[in-house]
Amino acid sequence: MNVKGWIVVNGFLYTNKFSELTRMFSTAAIRNKVYLEVKSNAELYTGMFEIDKEIKKPDFVLFWDKDVILARYLELSGIPVFNSSKAIEICDDKRKTYTALLEHRIPIPRTISAPMTYENIGYPQLDFLEPVEQALGFPVIVKEAFGSFGEQVYKADNHKKLVKIVQDLEKTPFLFQKYVATSCGQDVRVQVVGDKVVAAMRRFSDKDFRANITYGGSKEDYEPDDKTCDLAVQACRAVGCDFGGVDLLFTKKGFCVCEVNSNAHFKNLYDCTGVNTADYIMDYICEKVK
């Protein structure tokens, strides 16, 4: 085994869902004759901010966490990191994601970030909601800036509900987004690795406006056309991802991008399509490193 790498995971997050992905990557590494060592972010913090310190460096790091400070430290130590700390940071904060997509002219639902306030102040007045309501109408989607699996996403059907959500979130960064009725309860998850789409599935639910499987949604294999594949690849490029899961919404004019996930959980995609994303990611990293 000539190539050695680390897969960095969070040392405080113990779930079967995350452990399963780690095992899939480990198996993919063996197939590629790569020695892949599991490292937690906690154990790697020793020595941070000592860039000149001699450490036994791997050939690459597969950074399967959102600890961007650590990811950046590893980059500064001269280690290739996939995805990059910048890409993870952009994808982790939905406000930064939509800003990057907008900058690259990627179609997204109309989005308005909530004005920044301070934790000890909150929102003593809510005058800013009136132009939001006029611009987006009802229902309006409210998303916390940080969240996964469709959690921290809310739908306000009227002004009273919107006020309640905003008051509950006043100490949490969030944004407002136009509700895409044509995609209610359905979306398409597209997995991108490098410059190509390796798999896709349609997620759908008749119980929730969110299509996420976490909330009881179902899934089926989906065959995206060239235009859809190009949109997903361009979305990954816009946020700087080498690989990622792109969620697309159905609109009357075609697809728009809902989110880009730098550390997309692909087990459901594997169960649905039989395509193992871990193999493609490991192939991609090995090609880049070699």
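**Entry 1. Val188 and its strand partner.** I looked up Val188 and found that its bridge partner in S12 is Leu248. The model is a predicted one, where local features need pLDDT of at least 70, side-chain atom pairs count only at pLDDT 80 or more, and totals for chains, interfaces and linings use all residues. Residues are numbered from 1 along each chain as its sequence is written, and side-chain values use heavy atoms, with hydrogens and water left out.

I noted how elements are named: helices (H or I, at least four residues) and strands (E, at least two) are DSSP runs, numbered from the N terminus. Two strands are taken to pair if DSSP finds at least two bridges between them. S9 and S12 meet this with 6 bridges, in the antiparallel sense. I followed Leu248 to S13 as well, where its bridge partner is Val257.

**Entry 2. The sheet around S12.** In what order do the strands of the open sheet of 5 strands come? I read S11-S10-S9-S12-S13, with antiparallel pairing. The edge strands, which pair on one side only, are S11 (218-221) and S13. Neighbouring strands here are turned by 30° against each other on average, direction ignored. For such angles, axes are lines fitted to C-alpha atoms, for helices over the stretch in contact, and angles run from 0 to 180 degrees between N-to-C directions.

S12 and S13 run antiparallel and are joined by 7 bridges. The hairpin between S12 and S13 goes through 2 residues.

I then checked burial, where buried means under 20% relative accessible area, exposed over 50%, and partly exposed in between (1.4 Å probe, protein chains only). In S12, 8 of the 9 residues are buried, and the strand is mostly covered. Helix H10 (residues 277-289) lies across S9, S10 and S12, running at about 35° to S9.

**Entry 3. Ala200.** I picked Ala200, which is found in strand S10. Is Ala200 buried or exposed? Ala200 has a relative accessible area of 2% and is buried. I listed its contacts (heavy atoms within 4.5 Å). With neighbours within four places in sequence left aside, Ala200 touches Arg189, Val190, Asp221, Tyr222, Pro224, Leu269 and Thr273. I also took its separation from Ile112: 88 residues in sequence, and 29 Å in space, C-alpha to C-alpha.

**Entry 4. The sheet that holds Ile112.** I looked up Ile112 next, and its bridge partner in S8 is Phe176. Phe176 also stands opposite Val142. The open sheet of 4 strands has the order S5-S8-S6-S7 and antiparallel pairing. Its edge strands are S5 (111-113) and S7 (153-156), each pairing on one side only. The twist averages 25° from one strand to the next.

S5 and S8 (residues 174-178) run antiparallel, joined by 3 bridges. Ser113 has Leu175 as its bridge partner in S8. S6 and S8 pair in the antiparallel sense over 5 bridges. S8 is largely enclosed by the rest of the structure, because 4 of its 5 residues are buried.

Helix H6 (residues 129-136) lies across S5, S6 (140-144) and S8, at about 30° to S8. Helix H7 (residues 159-168) packs on the sheet and touches S6, S7 and S8, its direction making about 150° with that of S7.

**Entry 5. Helix H8.** The buried residues of H8 include Leu231, Val233 and Cys236. What covers the buried residues of H8 includes H4, H5, S9 (186-193), S10 (196-204), S12 (243-251) and S13 (254-261). Just after H8, Gly240 takes a positive phi of about 85°.

**Entry 6. H4 against H5.** At what angle do the axes of H4 (residues 85-92) and H5 (residues 94-103) cross? I read roughly 105°, with the axes coming within 5 Å. That makes H4 roughly perpendicular to H5; angles under 35 degrees count as roughly parallel, over 145 as roughly antiparallel, 65 to 115 as roughly perpendicular and the rest as oblique. Glu89, Ile90, Cys91 and Asp92 in H4 meet Lys94, Lys96, Thr97 and Ala100 in H5.
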